[in-house]
Amino acid sequence: MPENFTETMPRLQVVLDHSHPCCPSKAEMLKQYRELSMSIRRTIENNDEAGIRPSKTYQSFVAAAGGHRELNFIEKDVRNYITREVRNVSEQEDAKEFGKYFLRMKEKNPNFFFELELEEDQSIKLAFWADARSRAAFEYFGDVISFDTTYNTNRYNLVCGSFVGVNHHGGNAPKGFLTDQCASMKRALEACMPTTVHRWCIWHIMKKIPSKLNGYKGHANIEQEMSHVVWNSHSKDSFDRNWNDFLLNFGLADNKWLSDLYEDRHIWVPIYLDHHFWAGMRSTQRSESMHSFFNKYITRNSSLIQFVK
């Protein structure tokens with residue numbers, strides 16, 4: 001390399017700003033050129049309140065304008081506006097709007113029902129609501145109700161409990177009520193609906209067998225035999241005999257979980273319940289379809305007002 005090589009090299013310089021004008025046809029989608037007009041924002045807010053997804057809202061703008069090239073914003077701007085401006089509210093504002101929304105629904109239709117229980121600091125402790133259509137449907141199709149609280153808790157650690165009805169003619173109180181295995185729900189139903197037959201979701205109970213009995217030798221055989229006793233006992237007496245034989249054969253007579261299950265056999269073992277009408281249900285599986293519906297619209301971080309809308 002010549003000694004004077006560096007001296008003869010041209011000096012390089014970094015220029016951070018563009019030294020040429022942008023092409024107008026390509027500049028329109030740069031962030032600094034995109035904007036949402038006031039009327040567009042109001043439409044986005046109204047559609048969001050009506051439960052219309054951002055993608056559908058954007059497509060409606062595209063259709064009205066005659067193509068996406070005629071708009072000076074993109075779908076991402078619609079989503080960002082909803083997240084940043086519509087849904088990004090504080091906990092205090094969220095709780096206040098939550099209550100206001102219910103009042104507006106009540107004004108629109110007097111048959112909309114809701115109750116709120118507040119903490120001392122006026123934050124929401126419990127909320128229950130049922131829209132007019134659901135209440136009317138229950139009058140005609142209220143024989144069996146599935147209640148499930150396994151859906152996501154939100155950012156305020158509130159549990160969502162969904163009531164799912166199964167079509168059949170009935171009176172005011174449901175004839176059958178399906179829930180997860182929960183002592184507090186059992187007590188509440190006994191107190192509030194004494195004529196309703198309560199049933200625990202058998203799927204949730206059977207799913208617990210591996211974790212509850214994993215410490216026993218031959219737990220795989222235990223699980224298989226327990227399932228056989230539960231599903232293949234054809235009378236209450238035969239279930240009692242088969243259950244006792246099962247406990248003795250595997251040395252499980254002192255297992256508290258199994259003892260408690262036996263005490264409550266009348267609300268989960270099929271032979272004790274299948275003479276009642278259950279619309280073909282033995283589990284809260286229908287609630288799972290409700291969960292998949294919720295998943296299209298909300299996450300754990302969704303606000304209260306976003307959820308009820």
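Entry 1, secondary structure. I counted 16 helices and six strands in the protein chain; helices (H or I, at least four residues) and strands (E, at least two) are DSSP runs numbered from the N terminus. The model is predicted, so I note that local features need pLDDT of at least 70, that side-chain atom pairs count only at pLDDT 80 or more, and that totals for chains, interfaces and linings use all residues. Residues are numbered from 1 along each chain as its sequence is written, and side-chain values use heavy atoms, with hydrogens and water left out.

Buried means under 20% relative accessible area, exposed over 50%, and partly exposed in between (1.4 Å probe, protein chains only). Among contacts between residues at least 6 apart in sequence, 60% join residues at least 24 apart; contact means heavy atoms within 4.5 Å.

Rings of Phe, Tyr and Trp (its six-membered ring) pair if their centres lie within 6.5 Å; planes under 30 degrees apart count as stacked, over 60 as edge-to-face and the rest as tilted. Phe61 and Phe73 are an edge-to-face pair, at 5.7 Å centre to centre with 85 degrees between the planes. I place Phe61 in helix 4 (residues 54-65) and Phe73 in the loop between helix 4 and helix 5 (75-86), 12 residues apart. Phe61 and Phe73 are buried.

For Trp243 and Tyr262 I read 6.1 Å centre to centre and 20 degrees between the planes, a stacked pair. Trp243 belongs to helix 12 (residues 236-249) and Tyr262 to helix 13 (residues 256-263), so the pair ties together parts that are 19 residues apart in sequence. Both Trp243 and Tyr262 are buried. I also note one aromatic cluster formed by Phe239, Trp243, Phe246, Phe250, Tyr262, Trp268 and Tyr272.

I find Arg265 over the face of Tyr262, at 4.0 Å from the ring centre; the criterion is NZ of Lys or CZ of Arg within 6 Å of the ring centre and within 35 degrees of the ring normal. Asp240, in helix 12, touches Tyr262, Arg265 and Tyr272, not counting residues up to four places away in sequence. Asp240 is buried, because its relative accessible area is 18%.

I locate Phe113 in strand 1 (residues 113-118). Phe113 is partly exposed, because its relative accessible area is 30%.
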